[in-house]
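Here are my notes for your read-through, written as numbered points. Keep the viewer open while you go.

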Amino acid sequence: MSLRVLNPNAEVLNKSAALHMNINAAKGLQDVLKSNLGPKGTIKMLVGGAGDIKLTKDGNTLLKEMQIQNPTAIMIARTAVAQDDTSGDGTTSTVIFIGELMKQSERYIDEGMHPRVLVDGFEIAKRATLQFLEKFKTPIVVGDEPDTEILKMVARTTLRTKLYEALADQLTDIVVNAVLCIRKPEEAIDLFMVEIMHMRHKFDVDTRLVEGLVLDHGSRHPDMKRRAENCYILTSNVSLEYDKSEVNAGFFYSNAEQREAMVAAERRQVDERVKKIIELKNKVCAGTDKNFVVINQKGIDPPSLDLLAREGIIALRRAKRRNMERLVLACGGEAVNSVENLTPDCLGWAGLVYEHVLGEEKYTFVENVKNPHSCTILIKGPNDHTIAQIKDAVRDGLRAVKNTIEDESVVMGAGSFEVAARQYLVNEVKKTVQGRAQLGVEAFADALLVVPKTLAENSGLDTQDVLIALKGAHDRGNIVGLSQHTGEPIDPQMEGIFDNYSVKRQIINSGPVIASQLLLVDEVIRAGRNMRKPT
Amino acid sequence: MRELVTVQVGEFANFVGSHFWNFQDELIGLAADPLGDAVFKNQHLNMDVLYRSGETQQGVLTYTPRLVSVGFKGGLGSVSARGTLYNDDVDTPSDIVTWRGSVATHHTEPRKKNLFLQSLSEEEQENLVDGENSSRGEIEDKDIVKCLENDVTFWTDFSKVHYHPQSLYQLAGSWVDAQEFDNYGIGKESFSWSLQGEDIDERLRFFVEECDHIQGFQFIVEDSGGFSAVAGDFLESVADEYSNTPVLLYSVRSPSSNVLRENKRQIVSRDLHDAISFARLSSFCQLYVPVGLPSLSRSKAATHLCIDDQKPYHCSAVYAAALHSIGLPFRMEAQGPTTDSCYVSGALHVNDMVRMLAGQGRQNMVAILDVAMPAPTLLEKHLGQSLLGSLQPLTPEVKEDAEDLLALESMTVHGVFESGGDRASVSELKDQISAAYEGETVRPMLCHLSAAQCPLPVPLSFPSIFGNLVGQHGQLLATPISGVSSRGSLDVYSIPMAARLRSSNAVLPFIERRLTNLLRHGTVQGSSATPLLRSWGFGREELEDMGESLSKMVLALNPHSLTSSDSD
């Protein structure tokens with residue numbers, strides 16, 4: 001074959017070996033992630049070579065932590081991670097679904113079936129399942145006042161798979177309220193407008209929603225107040241430091257006096273800018289007990305800080321770029337890029353601004369704002385890995401709420417959709433398919449059951465019993481999911497277990513695509529590294 | 001005082017940085033040592049320019065580099081990314097407060113600390129236990145040096161500096177072999193700035209926010225592989241966010257990155273990588289200094305050194321020493337604009353240096369790094385000429401005997417001896433060197449000289465790379481010390497250094513090669529490399545823009561070169 005001629009070192013796996021390599025890789029990855037699934041799954045603690053700890057129950061995080069070498073596994077992992085990027089959840093489900101599709105296919109292929117036939121069946125089954133999903137989903141009315149109960153149920157379902165119940169329930173309210181806070185009618189929800197801030201605190205595990213903003217820095221002047229009420233907020237992006245460093249100003253001094261004069265002149269320009277701000281402060285605050293806070297994206301040097309402090313102004317420098325936008329949404333006013341034409345309309349408002357110090361870390365809270373469209377979720381935890389895990393969970397919770405609002409529908413969870421879809425495929429779709437592609441449909445249908453099966457397995461239940469009970473209850477005309485506690489069929493609607501529609505759709509969509517690609521591989525060619533090495 | 005923030009991107013950059021910070025740490029230690037050499041006591045170098053003071057939650061004061069380092073996950077060896085300073089509580093990993101269900105623990109085989117790191121932590125323990133009364137640990141310096149010589153895998157293996165928890169950033173989840181992470185495309189593909197960039201930006205912001213008046217950024221970037229894509233995105237965001245703050249960029253590469261390319265495809269890919277990486281990195285900085293010879297051991301710069309090119313531990317030490325010297329003027333305490341102290345002279349800010357070298361005349365922003373390590377003794381007869389002659393480039397692909405009347409230079413000389421065996425005073429140095437320049441036939445248009453008395457200290461963790469002509473204080477001996485081929489930190493305590501940044505047309509071959517390759521493979525219609533470039537995510541237009549900016553650079557240095565590159 002031509003490649004061998006071109007590169008005698010190239011390694012070639014023939015068709016069946018290639019297929020089995022792919023199947024094994026998919027199964028291997030499935031095995032790793034399987035135990036993550038559901039509220040009874042296993043949390044993974046990864047301890048690195050230097051003792052660094054990572055705590056995760058999230059398939060996405062776990063995949064990223066793993067040093068995957070096998071090319072097939074990388075392909076699956078990429079798909080699963082992309083799943084998370086687009087819909088925010090479902091990484092574990094995607095991986096185990098692909099693994100199960102491969103596993104089911106293996107049975108048929110070992111009996112001599114051509115992968116092409118299976119793939120055709122997959123395609124039919126996929127389309128049918130997606131159609132079924134449209135019928136199965138529960139539409140919800142979002143409108144101006146979304147039903148918070150249903151949002152909470154979705155958030156709770158996600159969060160309970162990442163955190164223990166009490167903690168998950170506490171976070172449920174927080175993430176729902178956070179999304180509702182930043183939501184604007186007629187606009188896509190921008191989750192970046194929820195700031196997630198953390199504090200390392202030895203004895204404290206706590207998470208709360210701050211209606212307003214928490215900044216991770218404080219003022220840099222000893223005389224500035226640490227706490228102020230009734231504050232005007234000026235959000236600005238103006239350099240208040242003496243910039244002789246205009247990078248491209250090719251200017252050279254011919255003598256020391258000239259240099260001094262230059263310095264003085266440039267310093268004066270900065271002072272002018274500070275004075276403009278002070279003027280505005282006097283205009284709005286004079287004769288009242290109101291305070292004035294400047295939050296600047298650029299630097300503020302000590303002389304400028306001095307001037308501001310003398311006037312009782314609190315000033316923060318080098319604020320995050322994203323906080324400029326958040327501040328305006330939280331406090332009102334507008335972000336100014338120049339101190340010319342400052343008017344009181346530019347200013348925002350906060351009832352309370354105060355500083356909190358932990359060692360060298362300073363936090364500034366901007367609270368009691370009117371009608372906020374941006375907020376902060378503040379996570380306290382005893383160590384980095386705990387904080388990181390809660391943070392991941394919060395992100396997933398936020399995504400789940402956002403998805404629900406944008407999908408305007410949810411899907412009943414606890415494996416109920418998978419059972420229903422499987423029965424639909426086997427009982428109705430299969431009949432309409434000609435020839436051996438039927439078997440592809442069947443393989444696909446059985447693969448769907450991996451979700452309830454894994455949920456049962458993770459709960460320590462007998463998978464066969466559970467599946468029989470579920471199928472039975474379903475065929476009696478109910479929609480049933482699996483109770484994690486008893487293994488009995490339950491009604492997910494009653495229990496408040498709902499998944500995101502878009503996540504489910506994405507899994508059904510991408511899983512078979514990858515599985516088909518892996519099944520249709522004719523040859524694996526690799527020049528250089530040995531593929532058969534254990535990975 | 002104007003602060004400088006350092007950024008290191010890439011494994012080799014971190015090797016260089018590790019040596020660099022070891023020098024600083026050694027200087028701090030020597031200044032505080034009551035029995036130390038007087039020359040280190042009055043350095044008149046302000047460490048606060050590079051370091052920050054902080055405090056842990058327990059109120060313990062800390063002093064750590066103002067540094068953001070970006071590397072591969074797992075590239076820190078036995079050192080934790082959080083460092084040790086801020087880890088007060090011994091975490092009991094067993095209590096997981098977020099999950100009540102079952103737990104599966106996966107342990108990576110713990111990395112063993114090498115002798116050097118063991119001795120460091122032992123020393124710290126001893127200081128805690130019985131203060132002054134430190135009986136020297138069982139680990140002997142000799143063994144430590146041997147251990148480092150034979151076995152350095154990670155840059156942390158020889159680092160004695162405490163880093164701030166925000167300093168060490170590890171790129172997660174790229175699923176790429178380090179060996180395969182060797183070109184711009186793969187870096188761009190496996191690392192998405194939109195996902196991880198914000199974290200890195202935040203780390204940098206943490207250090208910048210503390211600065212009362214930042215003078216600039218000092219980037220050390222490994223540009224031989226995928227990290228240059230990471231650095232490119234990082235620099236772009238820095239240029240955007242801190243538009244008035246100058247960036248001084250050293251692109252470093254280790255000799256081992258110059259492996260032979262087997263086939264044409266690899267060669268083309270390498271050539272394009274070099275061109276694109278250069279075009280992109282240089283567009284976001286104010287001064288670009290390429291560092292890294294294809295074979296350092298055989299270069300003239302290593303005349304008095306014994307380098308093993310295969311060991312990044314060796315080469316990075318030389319580059320770090322040069323970077324240290326170049327950076328000295330940034331933290332000299334200026335005694336007013338005209339008067340100089342007798343310890344230091346020629347203070348500069350990053351911005352001054354950038355403007356001097358790249359801001360006037362030809363506006364050439366690619367500078368050559370020359371070094372004399374160790375710098376020779378100032379002899380009365382030869383004046384400073386021996387010193388000028390001993391400066392040799394660490395920048396690859398430069399013309400050797402370029403005569404350039406428009407050259408601009410900035411030179412730092414420190415710790416040099418005069419013929420009597422004493423350290424030359426700063427004013428003496430200045431006189432000698434300006435006299436030497438007078439004597440040259442081809443003089444640069446401008447040369448700024450910075451001088452200091454304090455030599456480069458050689459910490460224990462420094463590799464044994466000095467030849468047998470190098471004395472205890474770095475003097476060059478007339479007769480070789482018999483019986484040894486290389487000398488290290490046990491025999492040599494400090495080194496006089498001279499280093500120079502040179503903006504000269506000698507750098508033309510470096511730029512021209514990149515331009516030619518870009519034009520030949522990148523922008524020519526129907527080039528065989530087009531699919532490769534597309535897979536790297538570069539469109540024709542973008543490449544044409546790059547080509548244009550490179551030709552501008554060439555044109556500035558050599559107005560006669562017009563169109564010559566178009567013809568091939």
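1. Where is the place of B:Pro374? B:Pro374 sits in the loop between β11 (368–372) and α11 (385–390) of chain B. Helices and strands here are DSSP runs numbered from the N terminus, with H or I over at least four residues for helices and E over at least two for strands. The peptide bond that leads from B:Met373 into B:Pro374 is cis, and its omega is near -5 degrees.

2. Before you go further, a word on what you're looking at. This is a predicted model, in which local features need pLDDT of at least 70, side-chain atom pairs count only at pLDDT 80 or more, and totals for chains, interfaces and linings use all residues. Residues are numbered from 1 along each chain as its sequence is written, while chains are lettered from A and ligands numbered from 1 in the order in which they are written.

3. Next stop, another backbone detail. A:Glu408 is in the loop between α12 and β15 (409–412) of chain A. Phi of A:Glu408 is near 55 degrees, which is a positive value in a residue other than glycine. Here's the background to both details: most residues other than glycine have a negative phi, and most peptide bonds are trans.

4. Now for a sheet that uses both chains. Three strands form an open sheet in the order β3(A)-β2(A)-β5(B), and the pairing is mixed. (Two strands pair if DSSP finds at least two bridges between them.) At the edges you'll find β3 (53–56) of chain A and β5 (103–107) of chain B, each pairing on one side only. If you ignore direction, neighbouring strands in this sheet are turned by 15 degrees against each other on average.

5. Follow the pairings from β2 of chain A. β2(A), residues 43–47, runs antiparallel to β3(A), and four bridges join them. With β5(B), β2(A) pairs in the parallel sense over five bridges.

6. How many residues of chain A are in contact with chain B? There are 51 of them, in contact with 50 residues of chain B; contact means that the C-beta atoms, placed from the backbone, lie within 7 Å. On the chain A side, β2, β3, α3 (59–65), α4 (71–87), α9 (256–285) and α12 (384–407) each supply at least two residues. β2(A) gives the most, with five residues. By class, the chain A side has 19 nonpolar, 14 polar and 18 charged residues. (Ala, Val, Leu, Ile, Met, Phe, Trp, Tyr, Cys and Pro count as nonpolar, Asp, Glu, Lys and Arg as charged, and the others, Gly among them, as polar.)

7. On to domains, whose bounds come from an automatic or database domain assignment. Chain A gets domain 1 (1–137 + 409–524) and domain 2 (211–370), with their C-alpha centres 54 Å apart. Chain B is divided into domain 1 (3–86 + 140–326), domain 2 (337–504) and domain 3 (510–557).

8. Stay with chain B for a moment. The C-alpha centres of its domain 1 and domain 3 are separated by 28 Å. In this pair, 14 residues of domain 1 are in contact with 15 residues of domain 3. α5 (184–190) and α8 (264–282) of chain B each supply at least two residues of the domain 1 side, and α8(B) has the largest share of that side, nine residues.

9. Last, two helices of chain A that pack together. Helix α8 (residues 165–182) and α12 of chain A pack at an angle of about 55 degrees, with their axes 9 Å apart. (Axes are lines fitted to C-alpha atoms, for helices over the stretch in contact, and angles run from 0 to 180 degrees between N-to-C directions.) That makes α8(A) oblique to α12(A): angles under 35 degrees count as roughly parallel, over 145 as roughly antiparallel, 65 to 115 as roughly perpendicular and the rest as oblique. Among the residues that make the contact are A:Leu171 and A:Val175 of α8(A) and A:Ala393 and A:Val394 of α12(A). By class, the contact has nine nonpolar, one polar and one charged residues.

Notes:
Two residues are in contact if their C-beta atoms, placed from the backbone, lie within 7 Å.
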